Amino acid sequence: MNSDLSFCLFCDIAAGKIPCDQVHSDENFLAFRDISPQAPTHILVIPRQHIGGLTELNQDQAAMAGQLLVLASSIAAKEKLDAPGYRFVINCGQDGGQTVGHLHLHILGGRALGWPPG
Ligand code: AMP
Ligand code: ZN
């Protein structure tokens, strides 16, 4: 995770300061293709609001978290992943493999995904 607390990569992407391969944009959420895809389809969905990660989620954000899931499933459907199937991943903290300190959900699909994760 970036140690400069004044900098957040995904806030800068959400603000349009850093370009992205955008898949969806609305008032509250942005979705874009991962710069280092781990599957044929690899999309990140983020809230525009800065939330550091799952450990920072609170009851006030319950509706937002639900909307994030509903939006991500609709994006997966638009990407034609429904029939073959897909996976959502939210990495959290060091052991969870989180590298960007802004809540984001990975949509992974387009190939059979292994389990358990490494
Ligand atoms: P995580 O490891 O769960 O924190 O996921 C962060 C993801 O952000 C990784 O899959 C990176 O490949 C991806 N990523 C990093 N920088 C960018 C960027 N500028 N545009 C799109 N995806 C990025
Ligand atoms: Zn942020």
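Q: In which loop is C20 found?
A: In this predicted model, C20 is found in the loop between helix 1 and strand 1 (22-25). Helices are DSSP runs of H or I with at least four residues and strands are runs of E with at least two, both numbered from the N terminus. Residues are numbered from 1 along each chain as its sequence is written, and chains are lettered from A and ligands numbered from 1 in the order in which they are written.

Q: Why is C20 called partly exposed?
A: Its relative accessible area is 29%. Buried means under 20%, exposed means over 50%, and partly exposed lies in between (1.4 Å probe, protein chains only). C20 therefore counts as partly exposed.

Q: How far apart are C20 and C92 in space?
A: The C-alpha atoms of C20 and C92 are 22 Å apart, and the two residues are 72 apart in sequence.

Q: What makes D21 partly exposed?
A: D21 lies in the loop between helix 1 and strand 1. D21 has 44% relative accessibility and therefore counts as partly exposed. From D21 to I43 the distance is 9.4 Å, C-alpha to C-alpha, across 22 residues of sequence.

Q: Why does K80 count as exposed?
A: K80 has 69% relative accessibility, so the residue counts as exposed. K80 is found in the loop between helix 2 (62-78) and strand 4 (86-89). Its phi is near 65°, a positive value in a residue other than glycine.

Q: What makes H42 buried?
A: H42 is placed in strand 3 (residues 41-47). Its relative accessibility is 6%, so H42 counts as buried. The side chain of H42 also reaches the backbone nitrogen of Q38 at 3.0 Å.

Q: Why is F29 called buried?
A: F29 has a relative accessible area of 3% and is therefore buried. F29 lies in strand 2. F29 and Q67 are 9.1 Å apart, C-alpha to C-alpha, and 38 residues apart in sequence.

Q: What makes the pair of N91 and ligand 1 a polar contact?
A: A polar contact is a pair of N or O atoms within 3.5 Å; within protein, one must be able to donate a hydrogen and the other to accept it, and residues adjacent in sequence count only if both atoms are side-chain atoms. A polar side-chain atom of N91 lies 2.8 Å from an oxygen atom of ligand 1, so the pair meets the limit. A backbone N or O atom of T99 lies 2.7 Å from an oxygen atom of ligand 1, and a polar backbone atom of G97 is 3.0 Å from an oxygen atom of this ligand.

Q: Which elements give two or more residues to the shell around ligand 1?
A: These elements are helix 1 (9-14) and strand 2 (29-33). Helix 1 gives the most, with three residues.

Q: How is the peptide bond from W115 to P116 known to be cis?
A: Its omega is near 0°. P116 is found in the segment after strand 5 (105-109).

Definitions and conventions. Predicted model: local features only at pLDDT ≥ 70, side-chain atom pairs only at ≥ 80, totals over all residues. Heavy atoms only, no water.
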